[in-house]
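Please look over the sequence and the model shown here.

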Amino acid sequence: MLKQRSLPHLLLTLLCLWAVCKAQFEPWGYHEAEQEHYTAPELPPDTPKIQLRLAGEKRKHNEGRVEVFYDGEWGTICDDDFTIHAAHVVCRQLGYVEAISWSAASKYGKGEGRIWFDNVHCTGKEKSLAQCSSNGIGVSDCKHTEDVGVVCSDKRIPGFKFINALTNNVESLNIQVEDVRIRAILASYRKRIPVTEGYVEVKDGGRWKQLCDEEWTHMNSRVICGMFGFPSERRYNARVYKMFARKRKHTYWGYSVNCTGNEAHLSSCRLGRNVRQTDNGTCVQGMPVVVSCVPGRAFAPTPMTGFRKAFRQEHPLVRLKGGAIIGEGRVEVLKNGEWGTICDDNWNLISATVVCRELGFGSAKEFLTGGRLGQGMGPVHMNEVECSGFEKSITECFFNKDSLGCSHEEDAGVRCNVPAMGFQERETWYWPGEVNADRVVMSGVRCSGTEMSLSHCLHHGEHLDCPKGGARFAAGVSCSETAPDLVLNPQIVEHTTYLEDRPMLMLQCAYEENCLATTASQVPADSYRRLLRFSSQIHNNGQSDFRPKASRETWVWHDCHRHYHSMEVFTNYDLLSLNGTKVAEGHKASFCLEDSECDEGIEKRYECANFGEQGITVGCWDTYRHDIDCQWVDITDVKPGDYIFQVVINPNYEVAESDYTNNVVKCRCRYDGHRIWMYSCHIGGAFSSETEDTFPGLLNNQVAHR
């Protein structure tokens, strides 16, 4: 016989059951979000009815040339007297919180048709651009070379509701919604990171709404996948989703979508027709839009680890260099065994997207010009690139093979959309370490820099080995958004190499600084050493200055050479046999990091004289001439033969750089006992077969534990 429960006890039980049921459905997104209140602005009846959109050569969906629809025709705005106050009015009318900036002189390309507004004066409080004073609608003495553009904030107005004042011209408008998402529906996809399949939903009027699949095309899916960081779309099991759709009542957005497939964001697509809805609130097709995206190899989920190890690029002819984060960088292409750059002439978002997709990312959210992500080395392989947007590789696009004259100041770069991996949820700790916190969870960590998680790096696994323990010996990091990038000019090394027989009497300072072979300590003072001499020209192609880690107060004074050492070892010089065995070595302490020369327009900042600051400015280079002490390798004991000569900058990673793979230069070397030949000098990594010594994972595509 069951015990009778009291009424309060029963109510408590029911509340608990309700909470459990609610928790089960909340991950599915069924709970109703609080609708944010938004009131459409009321305009005086005599206010001209206009519609705005952003067009032209846009970098992002929230920037572009301002176009105005009036009297059945799209036109532009002249930049005369235009201010940030007018830009605020434009952005708010488009549903953005505010304007970030505005631009003159047709930065986003010249428009067409009428110039509807000229000499616009706004206070910033107007609800419509038509309320601002001007010469009068259609009264202008400007040309389209003066078309104005704006950059709006990423953040949309909460609860913003798209108001279509021009019902006869819907299909020429951009899509204006607060937010877009892919909501995982099936259980197998709800547990995955990143989310690759589910309903496409837009936030409109403060509520999430589904899109009706009426007139939905694979080009629309391509855009959705691209903006969420995926290179392409794929088929999905429609039968399962149809079964699921019958069980739920959906809230549909009122319009269809019309994308060409080249847009970087849904907001750049055109608004389609009004969606026909049945009496019960469903669209005619009765099915919400579903997309299924193909993740790049670096983001592909697996049941065991959550991600698949993917060091190998998806296309061996293209890479990104000099970026601060994954998915951005200077674009480099491989041609005739040599990496080179792309000139920014005609560089645009469509061509940038081709690069992003072929590397396993989504569409490009920004194309960069003017060497903004660092200047490359070597040749400029491509110029005046023109892509349709559907090429599999940038190498398939048209480019001008005969156009010359581009310098590395014009190197093109990209910033790609990458999948949301949940990394923004990690906490950041600034922790000096405590004696009682000595538990070690990982040891022997060795990363190549391309991993998506620290757990993907080589490490000891379960067999921890940390003799000093944790506490104050715990590993830590200091992060920055920009970093330097040192690159050695290989041609300078090749063209300046020679041999010198120098007496020991003239090598006392070099001997004290360990710049000679170990056998030098066993020879008489009147003997000679054979030195392989060369010059080094080290460029900083990064986004911030290269500065020694040690402060000036800790620099070491060397009385013999009369200078300070700011780094223990700045470069290593090695002569290797063809099988990789070291036969001779040298090193260069950073006795004088300074700006020897700079690109045009850049001022030198660092000079070693008089205990000055040391470093290498972005766009400058430090030259170590062949006649400087220790700028050599002692090859006195080396036998004649064929060798590999190798130079490594910042070998101990004492200073953080955005790219370490270009810190190595390798040359083929032939020595006959009297003369030496240096040839085929190149930046390490230019030939992929030479990367396995440093990072085996770059080639075997495996996660391994040592």
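A residue is called buried when its relative accessible area is under 20%, exposed when the area is over 50%, and partly exposed in between, with a 1.4 Å probe and protein chains only. At 12% relative accessibility, Cys142 therefore counts as buried. This is a predicted model, in which local features need pLDDT of at least 70 and side-chain atom pairs count only at pLDDT 80 or more, while totals for chains, interfaces and linings use all residues. Residues are numbered from 1 along each chain as its sequence is written, and side-chain values use heavy atoms, with hydrogens and water left out.

Cys142 has a bonded partner. A disulfide is taken to be a pair of cysteine sulfur atoms within 2.5 Å, and by this rule the count comes to 10 disulfides. One of them joins Cys142 to Cys78, with an S to S distance of 2.0 Å. This pair links distant parts of the chain, 64 residues apart: Cys78 is in the loop between β3 (73-77) and α2 (84-93), and Cys142 is in the loop between β5 (115-117) and β6 (149-152). The helix and strand labels follow DSSP runs, numbered from the N terminus: helices are H or I runs of at least four residues, and strands are E runs of at least two. The link of Cys78 and Cys142 is left-handed, with -70 degrees about the S-S bond. Cys78 is buried because its relative accessible area is 0%.

A further disulfide joins Cys356 to Cys416, again with S to S 2.0 Å. Cys356 lies in helix α6 (residues 349-358) and Cys416 in strand β19 (residues 413-416), so this pair ties together parts that are 60 residues apart in sequence. The torsion about its S-S bond is about -80 degrees, so the disulfide of Cys356 and Cys416 is left-handed. Both Cys356 and Cys416 are buried.

Cys667 and Cys681 also form a disulfide, with their sulfur atoms 2.0 Å apart. Cys667 lies in strand β32 (residues 664-671) and Cys681 in strand β33 (residues 676-683), so the parts tied together are 14 residues apart in sequence. With 115 degrees about the S-S bond, the link of Cys667 and Cys681 is right-handed. Cys667 counts as buried at 1% relative accessibility, and Cys681 is buried with a relative accessible area of 9%.

Cys669 is buried, with a relative accessible area of 1%.

The remaining features concern strands. Two strands pair if DSSP finds at least two bridges between them. An open sheet of four strands has the order β20-β23-β29-β28, and its pairing is antiparallel. At the edges stand β20 (486-488) and β28 (597-598), each with a single partner strand, so one side of each is left without a neighbour in the sheet. Two bridges pair β28 with strand β29 (residues 620-624) in the antiparallel sense. Cys598 has Cys620 in β29 as its bridge partner.

Strand β26 (residues 571-576) is largely enclosed by the rest of the structure, because five of its six residues are buried. β26 and strand β31 (residues 641-649) run antiparallel and are joined by six bridges. Asp574 stands opposite Gln646 in β31.
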